[in-house]
Amino acid sequence: MRILLYNPDNGVTRNFMPHLWMFLLKSLTPPGHEVLLIDGNAQPMNEAQIAQYVRDEKIDLVGIGAMTRMIAKAYRIADAIRATGVPVVMGGPHVTELADEALGRDGGPRHADAVALGEADETWPRIVNDALNGQLKDIYAPVDDAGKESKPSLKQYPIIPWDSIDLTQFNLVPKVAFPLLKKVGEGWGTFRIIPVESGRGCPYGCEFCTVTGFFGDSIRFRTNESVVNELLLLKARARKEKGQIAVFFIDDNFAINVKRTKSLLRDIIAAKAQVHWVAQISANLLRDEELCDLIAASGGKWVFIGMESIDPTNLKDVNKGFNKPGEYATVLERLAKRNVYAITSFIFGMDNDTVGVAERTLAQVRTWPPGLPIFGLLTPLPATPLYTRLETSGRLTRPKHWKEFIPFAMAHTPLKMSIEEAHAEVKYGWSQAYSPEALAHAVDSLDDQKLGHRINIFIARLCFRGIYFPMMGKFAWLRVVSENRHTILKLVKEAFFGRPARSKRPDVQGAYEKVVVPEVPGEASA
Ligand code: B12
Ligand code: SF4
């Protein structure tokens, strides 16, 4: 069969990274089938275009995966494909929770011929065989022989053939710039951010999160060897195509078992498998100095920290009391001393939030080492304890918010402010944190660092700005470049003419230099 795996676009940002599920299912497909991948964020298609594609390419089976926020688009695409007579299987977190919706058993229209519940590593080969025999069932659940729910072990993780897989749609370097950039340094002809998982599951059970329910509270890890080999494969590919690769360890909490993470990072260093990487790690686990040393030494550049709120009452309300706002600054300083910076994620519209929460949060953020703050709204995702709590108390204003997805819009009323006030707080957060002044300040606060680091933080800020302010056209970019021209000119001038030697920040000097950070090929230096 010819199988198409399709991920719908999120309608807000272009993709900066492919979705792992597509590559994983491709690798787990039984031999004898051809699997094509389309990520709508990289190759946007409307319903008519996808139907035409399916006909032209003579596709026999389509698999669609989607988060809740893309599910309306996923259903529209599925309807268009099914209208051509090709069966559609859907999987991922949303349809796992609301299989009846996808199968039209809730009174609405049917969108999928079959639904894969939960982790599909073991059910996917069965789905493909049933489709081949024209015997697709409605629901595929991961259960053992006794009919009990089973979670796949990650010990026999498939080899994703990163060295040969077609990744053209995921190159972040504009096509026109390929030939020139190939020759810069060790080559920048391509730049890709690749998702790699080293483990699954999180026991913390934060109220708004689907992960503990979906992946379970028992944590499973791949072997160190399998992760290291994957990194080596990725590095080899980057070298071959004179490009760069960075890795996003998509584990929900990369250091959930600190001992295991340290052993993995040591093995990465020993095998010289370092690439620049980013991972999600909760603040409480970053108290460990040795872990932070190993993060830096193994290529870690950015850590995503779900801070959520600077208010302990809010954190307790959503079952995330293990976050201690009092230690955020120390944790970020600890990372910054090693040249590792943080993507700090905040949620507004929590029950104890009042007007002014964005400014109060920013007032703290401004005292921290520069990073990438991001702001969202508390969102009741289906099947989360939060959804049940708000539904029971009659506070949902858009109980099926996913049917009509609106970016940065609440679906329930916060307790101490109105919905409009919560929206204004998010807008304020983004506008202030990504204003030209804030960007200039972030660059200046790294005055004692290599030019490369300062350029990195500037570019990262420009890109993150696009999460809230759509950057879809050339003009959007031109406007931003013009607004930030002073900072850009300053960096360009320094690149060409250098700058007078400066003394290092006294708080950073000693500790920073003690850490032995092996050079990662392609690291920008100036
Ligand atoms: C990486 C990641 C991202 C990346 C983007 C996605 C990418 N390019 O990979 C980034 C960081 C950008 C991101 C952003 C967001 N994310 Co996110 N993200 C993840 C994360 C951590 C890993 C995803 C992953 O690759 N998992 C590993 C793979 C193997 O698992 P999987 O995708 O679930 O696939 C398995 C099964 O679901 C199934 N499957 C999946 N699809 C299909 C399709 C078919 C046909 C079949 C048969 C099976 C199948 O088989 C796979 C193998 O078992 C997950 C949490 C998690 N651990 O999954 C959250 C998660 C997906 N994100 C979530 C959310 C809410 C968001 C945001 C909305 C957060 C926010 N408030 O801004 C944004 C939205 C982004 C956007 N604009 O689209 C939620 C989604 C919940 C939901 N019901 O929709 C999750 C589950 C985390 C959570 N807190 O609950 N995210
Ligand atoms: S720590 Fe992160 S992944 Fe784990 S339950 Fe909380 S929000 Fe979800």
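# A briefing on a protein chain and its two ligands

Of the 38 residues around ligand 1, the nearest are Thr-68, Arg-69, Asp-121, Thr-210 and Asp-252; here, a residue is near a molecule or strand if one of its heavy atoms lies within 4 Å of it. Keep in mind that this is a predicted model, where local features need pLDDT of at least 70, side-chain atom pairs count only at pLDDT 80 or more, and totals for chains, interfaces and linings use all residues. Residues are numbered from 1 along each chain as its sequence is written, chains are lettered from A and ligands numbered from 1 in the order in which they are written, and side-chain values use heavy atoms, with hydrogens and water left out.

**The chain as a whole**

- Along its principal axes, the C-alpha trace of the protein chain spans about 70 × 55 × 50 Å.
- The radius of gyration of the protein chain is 23 Å, which agrees with the value near 24 Å that a compact globule of 526 residues would have. This radius is taken over C-alpha atoms, and the globule rule is 2.2 Å times the number of residues to the power 0.38.
- Of the 526 residues of the protein chain, 53% count as buried. Buried means under 20% relative accessible area, exposed means over 50%, and partly exposed lies in between (1.4 Å probe, protein chains only).
- The accessible surface of the protein chain is about 23300 Å², and carbon and sulfur atoms account for 57% of that surface. Such areas come from the Shrake-Rupley method with a 1.4 Å probe, and for residues only the protein chains shown count as cover.
- Among contacts in the protein chain with a separation of 6 or more, 73% join residues 24 or more positions apart; contact means heavy atoms within 4.5 Å.

**Around ligand 1**

- The shell around ligand 1 divides into 22 nonpolar, 10 polar and 6 charged residues. In this scheme Ala, Val, Leu, Ile, Met, Phe, Trp, Tyr, Cys and Pro are nonpolar, Asp, Glu, Lys and Arg are charged, and the others, Gly among them, are polar.
- Helix 1, strand 3 (61-65), strand 4 (88-91) and helix 8 (211-215) each give at least two residues to this shell, and helix 1 has the largest share, with 4 residues.
- A polar side-chain atom of Asp-252 lies 2.5 Å from a nitrogen atom of ligand 1. This is a polar contact, a pair of N or O atoms within 3.5 Å; within protein, one must be able to donate a hydrogen and the other to accept it, and residues adjacent in sequence count only if both atoms are side-chain atoms.
- The backbone takes part too: a backbone N or O atom of Met-17 is 3.0 Å from a nitrogen atom of ligand 1, and a polar backbone atom of Pro-18 is 3.3 Å from a nitrogen atom of ligand 1.

**Around ligand 2**

- Ligand 2 is surrounded by Cys-202, Tyr-204, Gly-205, Cys-206, Phe-208, Cys-209, Thr-212, Asp-252 and Lys-320.
- By type, the shell around ligand 2 has 5 nonpolar, 2 polar and 2 charged residues.

- Phe-23 sits in helix 1 (residues 20-28) and counts as buried because its relative accessibility is 0%. Leaving aside neighbours within four places in sequence, the contacts of Phe-23 include Pro-18, Leu-37 and Trp-162.
- Phe-221 belongs to strand 9 (residues 220-221) and is buried, with a relative accessible area of 16%. Beyond neighbours within four places in sequence, Phe-221 touches residues including Leu-154, Ile-256 and Arg-260.
- Gln-274 lies in the loop between helix 10 (258-270) and strand 11 (276-280), yet is buried at 7%. A polar side-chain atom of Gln-274 is 3.3 Å from the backbone oxygen of Ala-297.

**Two residues with positive phi**

- Most residues other than glycine have a negative phi.
- Ala-383, however, has a positive phi near 70 degrees. Ala-383 is in the loop between strand 14 (372-377) and helix 15 (385-392) and is exposed, with a relative accessible area of 55%.
- Phe-408 also has a positive phi, about 50 degrees, although it is not a glycine. Phe-408 is in the loop between helix 15 and helix 16 (419-433) and counts as partly exposed at 24% relative accessibility.
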